[in-house]
Structure formats: structure tokens, C-alpha cells
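Open the model in your viewer and keep the selection tool at hand.

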Amino acid sequence: RLDVGDTETLRNSSPVSSFTAAMLDRGTAKHDRQAFADALDKLRTKLGIAGGGATVDVNATTVRGSVPDVLRLAAEALREPAFVPAEFEQLKRERLTALEQSRSDPTAIARRAVARAGNPYPPDDVRYTPTIDEEIDRVRALDLAAVKAFHAKFYGASHAELAIVGDFDAATVKPLIRELFGDYASPTPYARVPQPLYPTKAAPQTFETPDKANAAMFGRLSLPLNDEAADFAALVVANRILGGDSDSRIFKRVRVKDGLSYSVGSAFQPAPIDENSTFVVYAIFAPQNLAKVRAATADELARAREAGFTEQEVATAKKALLEERRI
């Protein structure tokens, strides 16, 4: 992971950061897009690059003998992207097509609405969630020169983190990392973008998608804590019991018992630094079941809040979570 950006990035909410990351494996100074993909296939490697805001993530899964060459390819993509104009235009078309399709996707609409609800940031802030129309306008306005400028100004490994887990030769890899990234200095000082808690907007919103057979429901609760809080472990266990597993209360009630939903549950998303964690409840279902899904989910939330959980539920959830950690 590379941390990029400064206060200018904080004020710049255009898609330039995500486009820059998306262009990295679409051709380098040494490999065009197809040759880069062929090299990964030859190394028996899956590699993905994604970025947004002030962070770029490179993830790879490979075999022992390929680790050094995969690191070389990753460094090549990060340091020597070709920024081919035709690839850039293709990426824009792909993004615009996906955005247009999301206009009638119940899940995409619900997720965006939840992200926008109560968001206090102005449109020129990287933490702002744009409307679909706003995002489409930003993608259309973006040019390749801005992507190249962003890469030149912000990319570097001065604030990078690298973790390699599994079967590899550390004695070979460590000096190679220094060789590939040791002199890759970030040209601009890095500043972390803070994510402070803001109140969750309570008013429900509904959106019509008459041409779709499915409906989606999302609810979000902001929590004033991070993953170092005293309540963190308790919330992980509570979420597992409530809706975080196929054996959870919400899943068994809404899907198994009542047969109302295709997918339903909850998720606890802990914040690593700022005290701004999130609890989410979600469901995908036939539109005519909305009232029943909402009532059943609310009933399970109220039952948990008022009566808590049984000792057996807590013990079972703890055992399952610890087994997952061991694996």
C-alpha cells in the first residue's frame, strides 16, 4: 500500500486518484497491457491495483518461485506506467457505462444514498460522496494530463507499507525490496485524511426502480469508537450473532423462517484510527416484501437491544470467530 496525497488531495474530489491507480496495469514502459497480463500468467500470479482518495493498494497472489518477479512487475507498474491514451479512453468508457447502469441498480442506489446521508463535506472534498450525475460529469471532464500530473506529484514509497505472507525466501526478497523501492521517494509530503464521526441521518429514503425485479435495503449506524476501543471485541461478537453469519438471528428470521429475502444480514466495519466505526444492516428481496422485511429486521434489532444474547449464542460466536482467526 502506498499513501499518497496532501491537503490538496483532501480538497480534490475528482476521480483522478482512482483513475491513476486503474491505469497502472494497463501498460508500462516495458510491457503493453497484454504483455503485462501475459507476464503475470506465466508467473502464475493474480495481481490487482486499486486506489482512491489518498491510498493505492497493490495485491498479488503467487507461488514461491515467482515472488521476486512479481515484485519487479509491481514496481514497474507503480513507477513506470505508460498512460496510453487509448487505454485511458477505454477506462473512461467503462466507468461511464458502469455509472449509467447503476442508475437503475437497487443495491448501487441504496449504497450511494447511505453514503450520502448526513455527509457534511462540500463537493470539493475527497470525503464527499457525489450523486451519480456529479460523478458522471467528473469522469467526463477528466483528462489524461491530470492523471499524469497526479502520478508525478504524489506517487512514491516514502509512506508505503508492504506485507508478504506465505512461502517465500525472505533472504532474497528483503534486499530486492530495497532495490526496487528504496529510492522511490514521494515528491510531496503526505498528510492523512481524517475521517471524524458525523451523526447518522435518521430520515428514511426510498427510490423507485420499476424495471427491476429486486429491491434493496441498507441502514447505517455510526459508532464513536475504533478497533482499539474496550467495546470492540463485544461488537464483533454481537454482530456475528445478530446478522454476521448464516446462523445469525436476522438471517434465520428473515430468510430461513419467513422466506422473505435472498440475502440479508449485518456488518460491523471498525475504524482503525478515527473513532468512526459503522454498523450496517442490509437485505435484498422482492419489492412486495419490503414492509415485512423491514418489520422483521427491526424486530430482531429491538429484541437484541432489549434482551441481549444468550450465553450459548455468545460462546458459539466466539468459537467460530476464533477458528476463523486461526485459519
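A pocket here is an open set of grid points where a 1.4 Å probe fits, with protein on both sides within 12 Å along at least five of seven lines. Note before starting that the model is predicted.

**Stop 1: the largest pocket**

Begin with the largest pocket, whose volume is about 1400 Å³. Select M217, F218, G219, R220 and V281: of its 44 lining residues, these are the closest to the centre. Next, colour the elements around them. Strand β4 (215–223) gives the largest share of the lining, eight residues. At least two lining residues each also come from α6 (106–116), α10 (232–242), β6 (277–285) and α12 (290–307). Now colour the lining by residue class.

**Stop 2**

Move on to the second largest pocket, with a volume of about 1100 Å³. Its lining has 33 residues. Select R127, Q195, A271, N276 and T278, which lie nearest its centre. Then show α6, β4, β5 (261–269) and β6, the elements that each give two or more residues to this lining. Keep the class colours on. This lining splits into 16 nonpolar, 10 polar and seven charged residues.

**Stop 3: a helix pair**

Select helix α5 (residues 85–102) and helix α7 (residues 132–141). Their axes come within 10 Å and cross at roughly 170°. How do the two helices run relative to each other, parallel or antiparallel? Roughly antiparallel, because the crossing angle is over the 145 degrees that this label needs.

Now show the side chains between them. From α5, pick K92, R95, L96, L99, E100 and S102. Facing them in α7 are I132, E135, I136, V139 and R140. By class, this contact has five nonpolar, one polar and five charged residues.

**Stop 4: S18**

Keep R95 on screen: this α5 residue is part of the contact with α7, and R95 also touches the last stop, S18. Select S18, in helix α2 (residues 16–23). Is S18 buried or exposed? S18 counts as buried, because its relative accessible area of 18% falls under the 20% cut-off. Which residues does S18 contact, leaving aside its neighbours within four places in sequence? Show G51, G52 and R95 to see them.

Definitions and conventions. Residues are numbered from 1 along each chain as its sequence is written. This is a predicted model: local features need pLDDT of at least 70, side-chain atom pairs count only at pLDDT 80 or more; totals for chains, interfaces and linings use all residues. Side-chain values use heavy atoms; hydrogens and water are left out. Helices (H or I, at least four residues) and strands (E, at least two) are DSSP runs, numbered from the N terminus. Buried means under 20% relative accessible area, exposed over 50%, partly exposed in between (1.4 Å probe, protein chains only). Contact means heavy atoms within 4.5 Å. On a 1 Å grid over the protein atoms alone, a cavity is a set of points where a 1.4 Å probe fits but cannot get out, and a pocket is an open set with protein on both sides within 12 Å along at least five of seven lines; lining residues have an atom within 4 Å of a point. Grid points are joined across faces, edges and corners, and a volume is the space filled by probe spheres set on the points. Ala, Val, Leu, Ile, Met, Phe, Trp, Tyr, Cys and Pro count as nonpolar, Asp, Glu, Lys and Arg as charged, and the others, Gly among them, as polar. Axes are lines fitted to C-alpha atoms, for helices over the stretch in contact, and angles run from 0 to 180 degrees between N-to-C directions. Angles under 35 degrees count as roughly parallel, over 145 as roughly antiparallel, 65 to 115 as roughly perpendicular and the rest as oblique.
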